[in-house]
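Subject: Handover of a structure and notes on it

Dear colleague,

Please find the structure below, together with its sequence. I would be grateful if you would read the notes beside it.

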Amino acid sequence: MLLFQMAVHAGEKMGKNGLKDTDSIATPIVSGTTHWSKSSGDLIAFKEGRRHSFEYGRYGNPTMKVLEDKISALERAESTLVTSSGMNAIVATLLALVPPGAGHVVTTTECYSEARAFIRDKLSKMGIKVTFVELNDMETLKAVLDQGDVTLFYTDCPTNPHLKCIDIKLVAELCHRKGALVCIDSTLASTINQKPLTIGADIVVHSATKYIAGHHDVSSYTRSHVFS
Ligand SMILES: Cc1ncc(COP(=O)(O)O)c(C=O)c1O
């Protein structure tokens with residue numbers, strides 16, 4: 001499928017799997033939070049894992065699921081999780097993957113400012129080691145990785161605001177050799193111009209108020225991630 005066809009059609013359910021009570025061509029916005037079971041048997045089947053239900057909004061939502069599946073297709077991700085903001089996605093990723101008291105995050109001196117501030121000011125308070133390297137200083141990155149305790153490398157590519165790029169493939173090779181994960185904020189490339197997971201990154205983050213939405217008019221945000 002061509003990329004633009006994928007952007008339109010990927011993930012769309014067309015009346016199947018979760019949006020079955022509609023024949024709407026455009027994905028309907030489901031705003032309800034709690035999903036009901038039609039019988040006790042249905043509820044038991046859900047609890048026993050024999051039936052799918054969104055159950056409650058915190059666990060998922062049919063409209064968001066379409067968006068998640070579409071982004072997975074575009075990013076070639078195993079799975080995608082939509083969150084309430086880009087910063088929410090970044091914070092959730094870091095808290096999920098970097099253990100307090102033992103983790104070590106390497107990030108770049110040039111990187112989205114709020115992410116950099118969270119890493120510098122908040123992670124360090126949780127006993128997480130934080131190291132900054134210059135964006136394309138691979139020798140220093142290698143030396144830091146040689147310490148053997150790096151959990152995760154984080155940066156955006158292209159960077160906000162100077163649009164500088166790193167060699168994601170090389171960074172991923174260096175990091176994986178030492179057992180470190182690589183998370184790339186790909187917001188400023190969009191899912192069309194760059195696919196970090198296909199060149200070695202483990203997790204991709206997007207702020208969906210930018211290019212991914214096309215015209216700066218959405219108030220929901222996404223995180224696309226894959227654990228390989
Ligand atoms: C590159 C980049 N990543 C993440 C964010 C944070 O996203 P949000 O504003 O959706 O929290 C921004 C916001 O400007 C950004 O430019």
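The notes that follow go from the whole protein to single residues.

This is a predicted model, in which local features need pLDDT of at least 70 and side-chain atom pairs count only at pLDDT 80 or more, while totals for chains, interfaces and linings use all residues. Residues are numbered from 1 along each chain as its sequence is written.

The protein has eight helices and seven strands; helices (H or I, at least four residues) and strands (E, at least two) are DSSP runs, numbered from the N terminus. Of its 228 residues, 32% are buried. A residue is called buried if 20 or more other C-beta atoms lie within 10 Å of its own, exposed if 12 or fewer, and partly exposed in between, with C-beta atoms placed from the backbone. Two residues are in contact if their C-beta atoms, placed from the backbone, lie within 7 Å. Among contacts between residues at least 6 apart in sequence, 63% join residues at least 24 apart.

V105 belongs to strand β2 (residues 104–108). This residue counts as buried because it has 24 C-beta neighbours inside 10 Å. Leaving aside residues up to four places away in sequence, V105 touches L94, V98, I119, L123, I128, V130, T151, L152 and Y154. T151 is 46 residues from V105 in sequence, yet their C-alpha atoms are 6.0 Å apart in space.

Helix α2 (residues 40–47) is hardly covered, as the count of buried residues among its eight residues is zero. Just after α2, G49 takes a positive phi of about 80°.

Positive phi values also occur in residues other than glycine. R76, in the loop between α3 (62–75) and β1 (79–83), has a phi near 60°. R76 is partly exposed, because 14 other C-beta atoms lie within 10 Å. S190, in helix α8 (residues 190–193), has a positive phi of about 70°. With 16 C-beta neighbours inside 10 Å, S190 is therefore partly exposed.

Two cis peptide bonds deserve a look. One joins C157 and P158, with omega about -5°; the other runs from N160 to P161, with omega near 15°. P158 lies in the loop between β4 (152–156) and α7 (168–177), and P161 is also placed in the loop between β4 and α7.

Finally, 12 residues surround the ligand, the closest being S85, G86, M87, T187 and S207.

Yours sincerely,
A colleague

How values were computed:
Near = placed C-beta within 6 Å.
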